[in-house]
Amino acid sequence: MEIHLVDGTYELFRHYFAVPSHKTSEGIEVAATRGVLGTLVRLLEDGATHIGVATDHVVESFRNDLFDGYKTGEGTPPEIMSQFPLVEALIEAAGFITFPMIEFEADDALASAACIAKEDPSVNKILICSPDKDLAQCVTDDGRVIQFDRRQEIIYDSSGVKEKFGVEPSSIPDFLALVGDTADGIPGLPGWGAKSSSLLLARYEKIEKIPLDPNKWDIPVRGAAKLAETLSQNFEEAQLYKELTILRDNVPVMSNVSELEWIAPKEHFAELCDRLDSSKLAERIKKLSR
């Protein structure tokens, strides 16, 4: 059995910037919402059977309480924000299981669902459908949990993550803490670029294991003295940034993988599709009903 875990928030943003605007006769912007549904329908058409979709029901999370600079909904086009409840309603009506996050984030939901799924011996592969960097930490060495960038059709197993970032999946939070992640408002440490961070984390794995004395580094790194000084002076900040990038895998999203099995849309799905000018998608998904 394969499990597909979809980042609904990413899909909504992606389609908003990728497809032309479409407003219904009621004046409601729905183009990105229809795009998300289209993505899920294509998954079914490609043979997916068990699908979970995570969304950020609200943009802010517990991480905003930890760090004032963490991402907020400020600056997000209102045409995107207005579609969050709409896309959740549509994909639920389509028969998919959704994880709408409030205290946590969609990525936490995906990490939690993957954690539950990999405990089930009947599951041989879990595909986290999102290119988000922080989700690379969920990839496992045994190849059961992988990251799937469907837009570019690239699969990242543990060797793929290491090739892309220069570190093992387990070191991704440390890597992002040092380098920073502008998408989440994490600044990283001054002077710590991707090359120096990956070199040191490939050797020491965790920020806490990197010697603060550069003379104890047993690999050559350009600007070692300055990097060590910066890490020493900003060690607490680095720890905080790491805490922000660690995904929580104990969010109560589901009890077992059987809940993710797609069977058919709900009775009101066709009516909702008509209101969103999505009758063709309704016809496609109806043909797939089991």
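In which loop is Glu153 found? Glu153 sits in the loop between S5 and strand S6 (154-156). The model is a predicted one, in which local features need pLDDT of at least 70, side-chain atom pairs count only at pLDDT 80 or more, and totals for chains, interfaces and linings use all residues. Residues are numbered from 1 along each chain as its sequence is written, and side-chain values use heavy atoms, with hydrogens and water left out. Helices (H or I, at least four residues) and strands (E, at least two) are DSSP runs numbered from the N terminus.

## Positive phi values

Most residues other than glycine have a negative phi. Glu153, not a glycine, has a positive phi near 55°. Glu153 counts as exposed because its relative accessibility is 68%; the cut-offs are under 20% relative accessible area for buried, over 50% for exposed, and partly exposed in between (1.4 Å probe, protein chains only). Asp277, in the loop between H12 and H13, also is not a glycine and has a positive phi of about 55°. With a relative accessible area of 37%, Asp277 is partly exposed. Just after H9, Glu205 takes a positive phi of about 75°.

## Trp217 and helix H9

Trp217 belongs to the loop between helix H9 (194-204) and helix H10 (224-233). Its relative accessibility is 8%, so Trp217 counts as buried. Leaving aside residues up to four places away in sequence, Trp217 touches Leu200, Tyr204, Ile210, Pro211, Ala224, Leu227 and Ala228, where contact means heavy atoms within 4.5 Å. The side chain of Trp217 also reaches the backbone oxygen of Pro211 at 2.7 Å. Arg203 is 14 residues from Trp217 along the chain, and their C-alpha atoms are separated by 9.3 Å.

Within H9, the buried residues include Leu200 and Tyr204, both of which touch Trp217. Ser196, Ser197, Ser198 and Leu201 of H9 are buried too. The buried residues of H9 pack against H7, helix H8 (172-179) and H10.

## Nonpolar cores

A nonpolar core is a set of buried Ala, Val, Leu, Ile, Met, Phe, Trp, Tyr and Cys residues joined through side-chain atoms within 4.5 Å. The largest has 34 residues, and those with the most contacts inside it are Leu37, Leu40, Ile51, Phe96, Phe269 and Ile285. Among the elements that each supply at least two residues of this core are H2, strand S2 (50-56), helix H5 (84-93) and helix H13 (279-287). The largest share, 7 residues, comes from H2. Not counting residues up to four places away in sequence, Ile285 touches Val41, Leu44, Ala94, Phe96, Trp262, Pro265 and Phe269. Apart from this core lies another, of 30 residues, among them Val139, Leu200, Val221 and Leu244.

## Pockets and cavities

Rolling a probe the size of a water molecule over the atoms shows where empty space is left. On a 1 Å grid over the protein atoms alone, a cavity is a set of points where a 1.4 Å probe fits but cannot get out; a pocket is an open set with protein on both sides within 12 Å along at least five of seven lines; and lining residues have an atom within 4 Å of a point. Grid points are joined across faces, edges and corners, and a volume is the space filled by probe spheres set on the points. In the lining classes, Ala, Val, Leu, Ile, Met, Phe, Trp, Tyr, Cys and Pro count as nonpolar, Asp, Glu, Lys and Arg as charged, and the others, Gly among them, as polar.

| Space | Volume | Lining by class |
|---|---|---|
| Largest pocket | about 530 Å³ | 8 nonpolar, 4 polar, 11 charged residues |
| Second largest pocket | about 270 Å³ | 4 nonpolar, 4 polar, 7 charged residues |
| Largest cavity | about 60 Å³ | 4 nonpolar, 1 polar, 5 charged residues |
| Second largest cavity | about 40 Å³ | 5 nonpolar, 1 polar, 3 charged residues |

Of the 23 residues that line the largest pocket, Thr9, Lys71, Asp132, Ala183 and Asp184 lie nearest its centre. Helix H1 (8-18) and helix H6 (106-117) each supply at least two lining residues of the largest pocket, and the largest share, 3 residues, comes from H1. The second largest pocket is lined by 15 residues, with Arg42, Leu43, Asp46, Phe148 and Arg150 nearest its centre. Strand S1 (2-7) and helix H2 (31-45) are the elements giving two or more residues to that lining.

The whole structure has 2 cavities of 30 Å³ or more. Asp184 is one of the residues lining the largest cavity, as well as one of those nearest the centre of the largest pocket. Asp132 likewise lies among the residues nearest the centre of the largest pocket and lines the second largest cavity. Helix H7 (residues 158-165) gives the most to the lining of the second largest cavity, with 3 residues.

Conventions. Polar contact = N/O pair within 3.5 Å; in protein donor to acceptor, adjacent residues only side chain to side chain.
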